[in-house]
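Please consider the following briefing on the sequence and structure shown below. It is arranged by topic.

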Amino acid sequence: MIAAAWDLAPARQPASVRRAVLAMANADGPADRPLHILDIGCATGCLPDDFRRRDEQAFLAGVDCEPAILRRLRRKSPGMPLARADARALPFPGGAFDIAVLSFILHTLAPDAQQAVLAEALRVSRRLILADYCLAERNLHYPAAGLAFLIERCLGRGHFCAYREFMRQGGLFGLCCRAGLAPERRAAVLGGVGAVLLVRGPARL
């Protein structure tokens, strides 16, 4: 039931978010080999499906902590490397991927877990694509902000409390600022209350 719901949840992987993620991932990938992409919190494979349609040679892997979600994705995408793991302890060597994607995962976590997940993602990938909520900046954004608030409130007390704290601390831009990550590219999504950011970790010695 949980896994089936992910395929039907438009707030989780809306088309506008997926298009922005795809565009950023393909902006400056390696020219001499296929792109290596890790989807952290992969749900049931919307983003991997998009990448595969764009580039059949891309190497795609996914991580999630829900066994039911992974079972469903294994049936949907046989052959795709999948791992059940905590995003704070990924089962991959350092620098294994060109891009790691975190799409609407960070707002569900406690602040200390957010920082740990970002640090671990940067260990395995030189670039991150982050998609999540941001603060409404203009009057035109307020209706979408109200809808996002209602959706998150319907997902349970613990989830809603994490969302409220995430927004209280500045949403996705606030988190990047605290983590010392400067976005190289950005795109507004969800009527202005979501953002997709491309960030790069510090250069490895």
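**Briefing on the predicted model**

Asp132 counts as buried at 0% relative accessibility, where buried means under 20% relative accessible area, exposed over 50%, and partly exposed in between, with a 1.4 Å probe and protein chains only. Asp132 belongs to strand β5; helices (H or I, at least four residues) and strands (E, at least two) are DSSP runs, numbered from the N terminus. The model is predicted, so that local features need pLDDT of at least 70 and side-chain atom pairs count only at pLDDT 80 or more, whereas totals for chains, interfaces and linings use all residues. Residues are numbered from 1 along each chain as its sequence is written, and side-chain values use heavy atoms, with hydrogens and water left out.

**The chain as a whole**

- The secondary structure comprises 8 helices and 7 strands.
- Of the 205 residues in the chain, 47% are buried.
- Among contacts (heavy atoms within 4.5 Å) with a separation of 6 or more, 71% are between residues 24 or more positions apart.
- The chain exposes about 10100 Å², and carbon and sulfur atoms supply 58% of this area; accessible areas come from the Shrake-Rupley method with a 1.4 Å probe, and for residues only the protein chains shown count as cover.

**Buried residues in the strands**

- Not counting residues up to four places away in sequence, Asp132 touches Phe104, Ile105, Leu106, His107, Phe166, Leu172, Val193, Gly194 and Ala195.
- Asp132 and Val189 are 57 residues apart along the chain, and their C-alpha atoms are separated by 9.1 Å.
- Gly194, one of the residues that Asp132 touches, lies in strand β7 and is buried at 1% relative accessibility.
- With residues up to four places away in sequence again left out, the contacts of Gly194 are Asp132, Tyr133, Cys134, Ala187, Ala188 and Val189.
- From Gly194 to Ala148 the C-alpha to C-alpha distance is 9.4 Å, across 46 residues in sequence.
- Asp39, in strand β1 (residues 36-40), is buried with a relative accessible area of 4%.
- The C-alpha atoms of Asp39 and Val63 are separated by 6.3 Å, and the two residues are 24 apart along the chain.

**Helix α8 and its surroundings**

- Helix α8 spans residues 171-179, and its buried residues include Gly171, Leu172, Gly174, Leu175 and Cys176.
- The buried residues of α8 pack against α5 (111-124), β5 (125-133), α7 (157-168) and β7 (194-200).
- Gly180 follows α8 and has a positive phi, near 75°.

**Helix pairs**

- Two packed helices are described by the angle between their axes and the distance between the axes.
- The axes of α5 and α8 come within 11 Å and cross at roughly 65°; axes are lines fitted to C-alpha atoms, for helices over the stretch in contact, and angles run from 0 to 180 degrees between N-to-C directions.
- α5 and α8 are therefore roughly perpendicular to each other, given that angles under 35 degrees count as roughly parallel, over 145 as roughly antiparallel, 65 to 115 as roughly perpendicular and the rest as oblique.
- The crossing in which α5 passes α8 is right-handed; a crossing is left-handed if the near helix is turned anticlockwise from the far one by less than a right angle, and right-handed if clockwise.
- On the α5 side, Gln114, Gln115 and Leu118 meet Leu175, Arg178 and Ala179 of α8.
- The residues of this contact of α5 with α8 divide into 3 nonpolar, 2 polar and 1 charged, where Ala, Val, Leu, Ile, Met, Phe, Trp, Tyr, Cys and Pro count as nonpolar, Asp, Glu, Lys and Arg as charged, and the others, Gly among them, as polar.
- The axes of helix α6 (residues 142-153) and α7 come within 8 Å and cross at roughly 145°.
- In the contact of these two helices, α6 supplies Ala148, Phe149, Glu152 and Arg153, and α7 supplies His159, Phe160, Tyr163 and Arg164.
- By class, the contact of α6 with α7 has 4 nonpolar, 1 polar and 3 charged residues.

- Phe104 is not a glycine, yet its phi is positive, at about 55°.
- Phe104 is placed in the loop between β4 (97-103) and α5, and is buried with a relative accessible area of 1%.
- Leu190, likewise not a glycine, has a positive phi of about 55°.
- Leu190 is in the loop between β6 (185-189) and β7, and counts as partly exposed at 25% relative accessibility.
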